[in-house]
Amino acid sequence: MGAELAIVGEVLCESIPVHAGDRVLDVGTASGNTAISAARRRGIVTGVDLVPSLLGHARKRAEAEGFEIDFQEGNAMALSFEDASFDVVLSTFGAIFAPDPNRTAAEMARVCRLGGKIGLASWPPDSMLGKLFLLLAQYSAPGSGVDVPVEWGDEAVVAERLGPYVRDLRVQRRAVRFRALSAGDWVEFMRTHFGPAIEAFEHSKTPDAQSNLAQKMAALIREHNCAYNGTVLGNSEYLEIVATRGK
């Protein structure tokens, strides 16, 4: 799924903007999309994630493109870096999954120097992906927190969480697109590769429940489809959040 989200990191690095020599941290780097985007801009980049297999993939990608990026196992809620270690702290659809969002915001701010930049991307609840998370939460185990990431898509919540640490908070709506040959193909891809969807289908054990979820997912991407050739080009808005560490 991260392949289609690579453009988000590229655009965020331009919005910051990342300068040559900037010390950059990518929180929840996964397969390294945003870390690699920052390295393309001559940043000195570190990427952290909880999943070793994703970090292994990120290292292969960086090596293939000739970038030296320090990928480490790390927790967004307890970053293992000194205060003010970075000029830029980024996260595209990564830190939003951490179960304690206030602690995550505090940690991202702590490791960013005064005057440095914090940048995130998140899904608003009225976007295609925001609606998907809310749908999957209905079919997941109680307390699973599948819908937690969508809270970061509320501008008032973002201001509340980052407000104690930043100034010049800017939030802009952008869009990213998801492609598939059909709505059914998209549903099958998501239930096979997207963690929250996998969890929802596993919890919905009966064939009827799984069929119902699949039909609702297909209807969702059809609602946001902007293709005219019979395929799927699902448009999902996201929030681009950029702020200056200043408190």
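Tutor: Before we start, a word on naming: helices here are DSSP runs of at least four residues, strands are runs of at least two, and both are numbered from the N terminus. What you're looking at is a predicted model.

Student: Okay, where does that place Gly 43?

Tutor: Gly 43 sits in the loop between α2 and β2.

Student: Is Gly 43 buried or exposed, and how do you know?

Tutor: Set the value against the cut-off. Buried means under 20% relative accessible area. Gly 43 has 17%, so it counts as buried.

Student: What does Gly 43 touch, apart from its neighbours within four places in sequence?

Tutor: Gly 43 is in contact with His 19, Gly 21, Asp 22 and Ala 38. Ala 106, on the other hand, is 63 residues from Gly 43 in sequence and 23 Å away in space, C-alpha to C-alpha.

Student: What is Arg 42 called, buried or exposed?

Tutor: Arg 42 lies in the loop between α2 and β2. The label "exposed" needs over 50%, and Arg 42 has 57% relative accessibility, so it counts as exposed.

Student: What makes the phi of Arg 42 worth a mention?

Tutor: Phi of Arg 42 is near 70°, a positive value in a residue other than glycine. Ala 84 is listed on those grounds too, with phi near 55°. Ala 84 lies in the loop between β3 (70-73) and β4.

Student: What kind of peptide bond runs from Ile 16 to Pro 17?

Tutor: The bond from Ile 16 to Pro 17 is cis, with omega near -15°. Pro 17 is in the loop between α1 and β1.

Student: How do the labels of Cys 112 and Cys 226 come out?

Tutor: Cys 112 has 3% relative accessibility, so it is buried. Cys 226 has 25%, so it is partly exposed.

Student: Which label does Ser 37 get, and why?

Tutor: Ser 37 is in helix α2. Its relative accessible area is 0%, so Ser 37 is buried. Not counting residues up to four places away in sequence, Ser 37 touches Ala 6, Gly 9, Glu 10 and Cys 13.

Student: And Thr 29, buried or exposed?

Tutor: Thr 29 lies in the loop between β1 and α2, and its 5% relative accessible area means that Thr 29 is buried. Beyond its neighbours within four places, its contacts include Gly 47, Val 48, Asp 49 and Phe 71.

Student: Which residues of helix α4 are buried?

Tutor: In α4 (residues 101-110), these are Pro 101, Thr 104, Ala 105, Glu 107, Met 108 and Ala 109. They pack against β1, β4 (86-92), β5 (112-122), α7 (155-162) and β7 (232-245).

Student: How much space lies in the largest pocket?

Tutor: About 920 Å³. Its lining has 37 residues, and Gly 28, Ala 30, Asp 49, Leu 54 and Phe 93 lie nearest the centre. Elements giving two or more residues to that lining include α1 (2-15), α3 (52-65) and α9 (195-203).

Student: What classes make up that lining?

Tutor: It has 21 nonpolar, 13 polar and three charged residues.

Student: Last one: how do you know whether the radius of gyration agrees with that of a compact globule?

Tutor: Compare the two values. For 247 residues, the rule for a compact globule gives a radius of gyration near 18 Å; the protein chain has 18 Å, so the two agree. The C-alpha trace spans about 55 × 40 × 35 Å along its principal axes.

Student: And what is the chain built from?

Tutor: Ten helices and seven strands. Of its 247 residues, 49% count as buried. Among contacts between residues at least 6 apart in sequence, 75% join residues at least 24 apart.

Notes:
Residues are numbered from 1 along each chain as its sequence is written. This is a predicted model: local features need pLDDT of at least 70, side-chain atom pairs count only at pLDDT 80 or more; totals for chains, interfaces and linings use all residues. Side-chain values use heavy atoms; hydrogens and water are left out. On a 1 Å grid over the protein atoms alone, a cavity is a set of points where a 1.4 Å probe fits but cannot get out, and a pocket is an open set with protein on both sides within 12 Å along at least five of seven lines; lining residues have an atom within 4 Å of a point. Grid points are joined across faces, edges and corners, and a volume is the space filled by probe spheres set on the points. Ala, Val, Leu, Ile, Met, Phe, Trp, Tyr, Cys and Pro count as nonpolar, Asp, Glu, Lys and Arg as charged, and the others, Gly among them, as polar. Buried means under 20% relative accessible area, exposed over 50%, partly exposed in between (1.4 Å probe, protein chains only). Contact means heavy atoms within 4.5 Å. The radius of gyration is taken over C-alpha atoms; the globule rule is 2.2 Å times the number of residues to the power 0.38.
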